[in-house]
Amino acid sequence: MSGLGIEDAGPQLGRNLTYGMLDAIGRAIVVGDYDGATFPTEAELAKQHGVSRSVTREAVKMLTAKGLLSARPRQGTTVQPTTSWNLFDTDVLRWLLERQFSIDLLRQFNELRVAIEPEAAALAARVATADDIERVNAGLKRMERAERGEDDTLESDIAFHIAVLRASRNPFYAQFRDVVSTALRTSIRFTNRVKGRTANVADHAAVRDAIAGGNPDKARKAMRSLISDVLDLIDTAKPDGAAG
């Protein structure tokens, strides 16, 4: 065997350690482990997690960029209030969704969706290419297969919504896909569990048909109806009904 594997292992191991450290500290911050406590120094964190100071320093820099930490001379590193966190960062959103379930957070996320996705669908109805429409249609077909137990219900639903965002041909809407993909994993699991069934394929087909037919108003209304249904479900659900 050549020595390339050994040479490559160092940087790869460093990246894995850094992201592992990032995930551990980020999740601890989000769940409140450091509330009311002094945040550890880099040396203390390195010792606690059994990693080097350089790995710890890089993880702290990344958490600072995400708005969770602030490092200032003579003040040390401090945990920032929730209002400073970058909620569009997929790691931050994932940590938020993985902590104790919050109906409020789920509702807030879907309130954001209803402000974004209907307009993306309307724009898609105006500008989508044949390839874009085919991707939307492919997502719908996956949902149909999922109803027959031939595909994953969660992944197929996510694929449909991401295809609509991409079909808008707007890079800002398209980049919202990572937030949608991360947060829908919680939202869809919750709504499917409460409903006792998978997402309504016919309602999603109405969105597809409006986009394929070049009708922005119908596309907007159909997508808004989809998300409004989720919001109605959240508002009528008992908070403890989402547990388990």
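Modeller: The answers below go from the whole protein to its parts. The model is predicted, so local features need pLDDT of at least 70 and side-chain atom pairs count only at pLDDT 80 or more, while totals for chains, interfaces and linings use all residues. Residues are numbered from 1 along each chain as its sequence is written, and side-chain values use heavy atoms, with hydrogens and water left out.

Biologist: What does the secondary structure of the protein come to?

Modeller: The protein has eleven helices and two strands. Helices (H or I, at least four residues) and strands (E, at least two) are DSSP runs, numbered from the N terminus. Along the sequence the pattern reads α-α-α-β-β-α-α-α-α-α-α-α-α.

Biologist: Which percentage of the residues is buried?

Modeller: Of the 244 residues, 43% are buried. Buried means under 20% relative accessible area, exposed over 50%, and partly exposed in between, with a 1.4 Å probe and protein chains only.

Biologist: Let us turn to the strands. In which sense do strand 1 and strand 2 pair?

Modeller: Strand 1 (residues 69-72) and strand 2 (residues 76-79) pair in the antiparallel sense, over four bridges. Two strands pair if DSSP finds at least two bridges between them. In strand 2, G76 is the residue opposite R72.

Biologist: What do the two strands form?

Modeller: They form a hairpin with three residues between them, and R74 in the turn has a positive phi of about 70°.

Biologist: Where is R169, and what is its phi?

Modeller: R169 lies in the loop between helix 7 and helix 8 (171-175). Its phi is near 60°, a positive value in a residue other than glycine.

Biologist: Now the helices. How do helix 6 and helix 7 pack?

Modeller: Helix 6 (residues 130-147) and helix 7 (residues 153-167) pack at an angle of about 165°, with axes 8 Å apart. Axes are lines fitted to C-alpha atoms, for helices over the stretch in contact, and angles run from 0 to 180 degrees between N-to-C directions. The two helices are therefore roughly antiparallel. Angles under 35 degrees count as roughly parallel, over 145 as roughly antiparallel, 65 to 115 as roughly perpendicular and the rest as oblique.

Biologist: Which residues meet there?

Modeller: Those in helix 6 include D132, R135 and L140, and those in helix 7 include T153, F160 and A163.

Biologist: At what angle do helix 2 and helix 3 pack?

Modeller: Helix 2 (residues 42-49) and helix 3 (residues 53-65) pack at about 110°, with axes 9 Å apart. That makes helix 2 roughly perpendicular to helix 3. Among the residues that meet are E42 and L45 in helix 2, and R53 and V60 in helix 3.

Biologist: One more topic: is V180 buried or exposed?

Modeller: V180 counts as buried because its relative accessibility is 0%. V180 is found in helix 9 (residues 177-195). Not counting residues up to four places away in sequence, V180 touches F109, E117, H161 and L165. V180 and T90 are 90 residues apart in sequence and 9.3 Å apart in space, C-alpha to C-alpha.

Biologist: And T18, buried or exposed?

Modeller: T18, in helix 1 (residues 4-30), counts as buried at 9% relative accessibility. Leaving aside neighbours within four places in sequence, T18 is in contact with V55, E58, A59 and M62.

Technical notes
Contact = heavy atoms within 4.5 Å.
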